[in-house]
Structures are given as structure tokens and as C-alpha cells.
Amino acid sequence: MANHVSYAGDNKVNYSVPPFAPFDSFSESAECAGAGVLAVQKVFNNLALELELVDYPYARIFSALRSGDLDLALIFKNSTLVNDVEYIGPLSLSEVVVITQKNIRIQRYADLYELENIAVLRKIQINQRFDQDHGLNKVSVGSLEQGVQMLKYNRVSAVIGSRIGLEYALRQQGMDISLMDSALHLGTKEWGLHLTKESSFISLLPLLTKAVQDTYKKDLMYRLYHHQIKHCLPAI
């Protein structure tokens, strides 16, 4: 297996995860691997392959998978890639929530229409209802921290994303984590490997499928995130 040559021109599996903390790294320490990186490493733990993380902007991950510049990505399951990748998952699940400014309370989906605007990660898929809802004013952002920063300065009314990503973004911005207590739950999303059909590692699909099945835990990403917060990062 180690002799395979990737489409990107080397003998390593080139992969991406969402290119912001806590998925690719932690801003407090360059020594602490991000939760997404650790999850991919767990899948490949028993495979004789080298991994190389490529930090593409989230939206560019999609074009890189289509062209074969990436071998795979660990991201939320995304149907727009169905013709270009083999989806291997779920590897983990994440709760998707909407957080708002302190003076705003939302209790159901219909309340989203009362919001002036909602920051949402560019190219992400939440669920069919939200993704196709043109009655909401959605503001595209490049990272969840950018969305939370806009929330902090009242440039948006709300931010939508994974509970883990939003919790950490609040931490980064020095904001009150208790904002998560009043968050609106919009369901769960699958994390899975998206293996480009252009990769020369495509022959490993059965092995990767088995490895993902063996590694799967419903709360894997949550566990990895909180392990790093507790055991790797400096105390704050």
C-alpha cells in the first residue's frame, strides 16, 4: 500500500479538514493537533500510508477534490460532490446549532425569519430545509471564528455551525460560552471521508471503508476536541 502514488504527485495521501481551529489545529498551541486531524489519523492508524495535511480554504476543498489535487477530505457529508468522490462514513456525528446575540432568543425554526441575518460557512450543507430556504438572509463566511467575530460586533444576528466549532470560536473571541445554552438545535450532520475518484488510492476504498467502520463513534469528534482542550492546551 505504501507504494501507491497519489494523483497530486507524491507518495502521500493528501487530505484536508475544515481549515480552522479546532479541526485543523488549535490557535493556543502549534503542538496540539486539531480534532479533524486526529480523526483522520485514527482511520489510517493501521494502514501503511503517510498522510499530508493540506490547508485549503473550505470552499476550495470542493474544487480540489473534483480536480484530484486532494486525495480526500474529512468534512460534513456533502451531496454536491456525489459524482466526484466516494463517500465513506459516517465517522462521527456533530450537533448543528444556531447561536444568537445575547438579547435575541430563538426557540424554533420559524424564529430564524425574525433574524436580520445569519452567518453560515461558505459551501457547507446543513440540511435540505435550511440549505434551500431563500427566505433567510444568509451571510457567507470563511470560518466559524469569522462568523462569531461578526456576531461579537453585531454585524450578524446569528451564526450556524457545528456545536464544537462554535464553542471553540466563542473561546477564541473571548465571548461567553453560555451562549451555547440558548442555542437552537437544528439536527445532526455526518462527518465522513470524501475520497476523490481521481486519486490513485481509490483502490483502497474497501480498506478505508472498513477502517472508518471500525473507528466510528457517534461523538468521536466531540471526544477528540475535549481531550485536546483538557490535556493538550495550556490552562486559561
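These legends go with a set of close-up views of a predicted model. Residues are numbered from 1 along each chain as its sequence is written, and side-chain values use heavy atoms, leaving out hydrogens and water. Because the model is predicted, local features need pLDDT of at least 70 and side-chain atom pairs count only at pLDDT 80 or more, while totals for chains, interfaces and linings use all residues.

**View 1. Helix α4 against helix α5.**
Two packed helices are described by the angle between their axes and the distance between the axes. Here α4 (residues 144-152) and α5 (residues 163-172) have axes that come within 9 Å and cross at roughly 60°. That makes the pair oblique; angles under 35 degrees count as roughly parallel, over 145 as roughly antiparallel, 65 to 115 as roughly perpendicular, and the rest as oblique. The axes are lines fitted to C-alpha atoms over the stretch in contact, with angles from 0 to 180 degrees between N-to-C directions. Helices are DSSP runs of H or I with at least four residues, strands are E runs of at least two, and numbering goes from the N terminus. The crossing of α4 and α5 is right-handed, meaning that the near helix is turned clockwise from the far one by less than a right angle. On the α4 side, Leu144, Glu145 and Val148 meet Gly165, Leu166, Ala169, Leu170 and Gln172 of α5, with contact taken as heavy atoms within 4.5 Å. By class, that contact has five nonpolar, two polar and one charged residue. Nonpolar covers Ala, Val, Leu, Ile, Met, Phe, Trp, Tyr, Cys and Pro; charged covers Asp, Glu, Lys and Arg; the others, Gly among them, are polar.

**View 2. Helix α1 against helix α7.**
For α1 (residues 35-43) and α7 (residues 220-231), the packing angle is about 120° and the axes are 9 Å apart. These two are therefore oblique to each other, and α1 passes α7 in a right-handed crossing. Ala35, Gly36, Leu38, Ala39 and Lys42 in α1 meet Leu220, Met221, Leu224, Tyr225 and Gln228 in α7. Sorted by class, the α1 and α7 contact has seven nonpolar, two polar and one charged.

**View 3. The largest cavity.**
Searching the whole structure turns up one cavity of 30 Å³ or more. On a 1 Å grid over the protein atoms alone, a cavity is a set of points where a 1.4 Å probe fits but cannot get out, and lining residues have an atom within 4 Å of a point. The largest cavity holds about 90 Å³, volume being the space filled by probe spheres set on the points, which are joined across faces, edges and corners. Its lining includes Phe20, Phe23, Tyr58, Phe76, Leu144 and Trp191, and splits into nine nonpolar, two polar and no charged residues.

**View 4. The largest pocket.**
A pocket is an open set of points with protein on both sides within 12 Å along at least five of seven lines. β6 (85-100), α5 and β10 (184-196) each supply at least two lining residues, and β6 gives the most, with three. The classes come to three nonpolar, three polar and four charged.

Alanine 21 to proline 22 is a cis peptide bond with omega near 10°, and proline 22 sits in the loop between β1 (13-16) and β2 (25-26). Glycine 89 and proline 90 are also joined by a cis peptide bond, with omega about 5°; proline 90 lies in strand β6. Lysine 123, in the loop between β7 (118-121) and α3 (128-131), has a positive phi of about 80° although it is not a glycine.
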